[in-house]
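Dear colleague,

I am passing on the structure below, together with an account of what came out of going through it. Please read the two side by side.

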Amino acid sequence: MAVINNSVNNTLSSGTNPINIGTDATQKTITIGNVTGTTAVNTNAGSGGIQLTSTNSAIYLYSGTGNVGIGSELVQKNVVVGNVTGTTLAELKAGTSGINIQSANGLITVQSGTGSITIGDDGVA
């Protein structure tokens, strides 16, 4: 294995061939980037998209005190969180600043199938 350790830009190119990192069938941790100063990690993709897959484990996004934006750039799109398969649970939680739900001249729909919809039943005055 070659180790590259220098202070200039390094480029890994493969033409139209894939670049595989850690794809062999052994357990490992793969780290890209660090949390030093103004370090940035940029992941870009064309129309093929980006897929994060975890087998039976959670996927976390941590940002310290920064915002986490999903679909927040100014381009029209559908943003889907969760699914309606089996006993899937989707939770939306917030601290004391609350939760803001907005629709720009559009419809806000809450559907529960045969379940109930409850608002403000926590017994707090």
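How many nonpolar, polar and charged residues does the lining of the largest pocket have? Before the reply, please keep in mind that this is a predicted model, and that every value below is computed from it. The lining of the largest pocket has 17 nonpolar residues, 18 polar residues and one charged residue. In all, 36 residues line the largest pocket, and those nearest its centre are V81, A90, E91, L92 and I101, while the space that lies in this pocket comes to about 2,300 Å³.

The second largest pocket, for its part, has a volume of about 1,800 Å³. It is lined by 33 residues, and V41, T43, I50, L52 and L61 are the closest to its centre; by class, this lining divides into 15 nonpolar and 18 polar residues, with no charged residues.

Along the principal axes, the C-alpha trace spans about 60 × 35 × 30 Å.

Among the side chains, a search of the whole structure finds one aromatic pair. The pair is formed by Y60 and Y62, whose ring centres lie 5.7 Å apart and whose planes meet at 10°, so it counts as stacked. Are these two residues buried or exposed? Y60 has a relative accessibility of 56%, which puts it in the exposed class, and Y62 is likewise exposed, with a relative accessible area of 73%; the cut-off behind both calls is that exposed means over 50%.

Two backbone positions also deserve a look. N56 is a residue other than glycine, and its phi is positive, near 60°; N56 also counts as exposed, at 79% relative accessibility. N105, which is not a glycine either, has a positive phi of about 60°, and with a relative accessible area of 85% N105 is exposed.

With best wishes

Methods:
Residues numbered from 1 in each chain as written. Predicted model: local features only at pLDDT ≥ 70, side-chain atom pairs only at ≥ 80, totals over all residues. Heavy atoms only, no water. 1 Å grid on protein atoms, 1.4 Å probe; cavity = no way out; pocket = protein on both sides within 12 Å on 5 of 7 lines; lining within 4 Å. Points joined across faces, edges and corners; volume = space filled by probe spheres on them. Nonpolar A, V, L, I, M, F, W, Y, C, P; charged D, E, K, R; others polar. Phe/Tyr/Trp six-rings, centres within 6.5 Å; stacked < 30°, edge-to-face > 60°. Buried < 20%, exposed > 50% of the residue type's maximum accessible area, 1.4 Å probe, protein only.
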